[in-house]
Amino acid sequence: MAAETGTPTTLTLKSNDDELFSVAESAAILSVTIRNMVEDGCAGGVIPLDNVDGKTLASVITYMNGISAIPADEEKKKSYRDKFLSDKDFETLADMVLAANYLNMSCLMDAVSAKIAQVMEKKSVGWVRRKFGIENDYTPEEEAAVKEEHKWTFEGVETDDDN
Amino acid sequence: MDRISELPKEILQQILYFLSQEDAVRTSVLSKSWHNIWCTRPNLDFSEATFNGSKQEFLSLVDKNLQRYCDERMCVKEFGLCISLDESDRESVLRLENWIRALTDMGTKKFCLSIRSESEHGSEFFHLPSVVFEVAESLQDLHVEKFTLDQKSFERTILSKHLKELHLENVYINNKDFQRIISCCPLVETASIKSCKGLQNIKFSFYKTPYTEDERCSIEINPPSYIQTIYITNGDLKFHKGADFRNLEYLYLRRVTTSWDHLSWCKFPSLKLLVIDNCDRLKESRIFIDAPRIICFDYRGDFIPSISFATTTPGRRYSNTRVTYMPSDDATTWFFKLNELLESLSRFITSLSIYQYSTNDGDVIQENINLLQGINGCNKPVAVESLWLDCHLFSFSSLLNGALSVCRPRIIDAFFFQGKMDHIERVWKILTERESGDEERLWLQDLEEVSIEVEDKNGEGWHPIT
């Protein structure tokens, strides 16, 4: 392991579009998926990550390096995560949440999920549909029935013309 | 299909986990694929405070949701509930009991309960249903408002051993029952006490020494408080700026971090005893204690604090100050700060103890001894009752010299590890060789009388030697 030899071990990760990335093992093992491969001794050559594209993987590695450089201080880690996600659009966030899920990185998974949830918070159904481009496939009768079933959840929502 | 709806169900549920119950349920209207996603998210969270229907509707809503998890043999990993109860409302109490039992059966990991009674202020409070402490094993956060918490609330064993946060507001609880909860719930990290009647003494001793600041237990005491004693070991105590602790008489802070600046703004009109023991963070602050009736102040620590006291009422007051001289300390600064501290304690009858960590580097104070001359003239030595030195024999002379440059003790006492008779003779020489003319003995010249008493190792009493 890195700590024993004194020189940091680096791993090579390969995205599904064949981009190669070098990353310090100490940062990469934030991913339980990668950690398991390292522990099983499969990390000698290149680690293929079939479900992550190069653009997303580059972003995830930036996060790995950034967060692992912060000592055990939850406040600072949280503010790093907030800053890291602040300029990401929804498309990127969706790629990240899938990658975090595949790589089994619970801290990134939670942060991205919370960020997506934040967008939906206290918003009307119409607003959320437009924001995410969700197509309403209910018939008007069906929609009215679902609304009626959960009518208590429609109080105090930001008003919207098609709420 | 759109991007978000394409995400796997478990990811969508993870997203919904971060939403309130209302927001999560409302996603069922988005489209057909969203209809049931919310139903099996890992958590449930109901608040009567934000619910717009009737009490009956609220109860059925919680019932129905919890039942669905039971029917599908799924576990609610986290359950949050904010509810008001009334003694006359037996149904709500029964429902709550059923829910808590259901959560215990399904193995819920985290349960947060905020429970408030509707009783009018002044009338007797309703007893907190015993199911809370006796059944809710997964209870982590508990907020209780307007209840009586006594034997009836936990006649049998307290099972909620995972409690991490305890907030009591307008609760009637006596010292013994409060201690019982605290001793049965060793994981309590945060506690706040606001307007609680019956509770006069708070004693928190956290046996686990926290490794990081995050692990420190945090206690918050809000005025108006009727607390007479606060005794905290290994915790974080939050003071509100300007709070008036009108009944507080005894305040013990041992290895505590606190907002020292806020403490300076608090009023302690009844405080008699203040103990500050090894509170490291105090090093960076200057504090002011507004406690005009203080009788005794005890300080123990590895550094000299900057503390000043408000003008006090007449009467005798005592202070025990035990400070450690670290090898890294600069002698001039250290004795200067000691002098400042003794100045602020000038209205106290002070017993001063100085410890010196043994060091292999020889006599560090001796090396700085010439700098000590600089203190001369800046501040007058302060009269103290006694000076106790615990150090190596080789640094006794310079430590005593330094101490005498800033204070005038009535009695000097010393402790030498494995002290032998020849050590005592050397001390005798140090104390009596006042005529040597060495500059380093300067302060010893003020010594009026020397008499040494020795206790032998069998403790057979004191033998004066001359």
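**Exercise 1. Burial in chain A**

Task: Find what share of the 163 residues of chain A counts as buried.

Solution: Start with the cut-offs. A residue is buried if 20 or more other C-beta atoms lie within 10 Å of its own, exposed if 12 or fewer, and partly exposed in between, with C-beta atoms placed from the backbone. By this rule, 26% of the 163 residues of chain A count as buried.

This is a predicted model: local features need pLDDT of at least 70, side-chain atom pairs count only at pLDDT 80 or more, and totals for chains, interfaces and linings use all residues. Residues are numbered from 1 along each chain as its sequence is written, while chains are lettered from A and ligands numbered from 1 in the order in which they are written.

**Exercise 2. Elements of chain A**

Task: State how many helices and strands chain A has, and give their order.

Solution: Chain A then has nine helices and three strands. From the N terminus on, the order is α-β-β-α-α-β-α-α-α-α-α-α.

**Exercise 3. The side of chain A that touches chain B**

Task: Determine which helix of chain A gives the largest share of the side that touches chain B.

Solution: Two residues are in contact if their C-beta atoms, placed from the backbone, lie within 7 Å. In total, 32 residues of chain A are in contact with 27 residues of chain B. Helix 6 (90-103), helix 7, helix 8 (125-132) and helix 9 (140-149) of chain A each supply at least two residues of this side. The largest share, six residues, comes from helix 7 of chain A.

**Exercise 4. B:Pro42**

Task: Locate B:Pro42 and list its contacts beyond four places in sequence.

Solution: B:Pro42 sits in the loop between helix 3 (21-26) and strand 1 (43-47) of chain B. It counts as partly exposed, because it has 15 C-beta neighbours inside 10 Å. Its contacts, leaving aside neighbours within four places in sequence, are B:Gln13, B:Tyr17, B:Lys77 and B:Glu78. The C-alpha atoms of B:Pro42 and B:Gln13 are 7.2 Å apart, across 29 residues along the chain.

Conventions. Helices (H or I, at least four residues) and strands (E, at least two) are DSSP runs, numbered from the N terminus.
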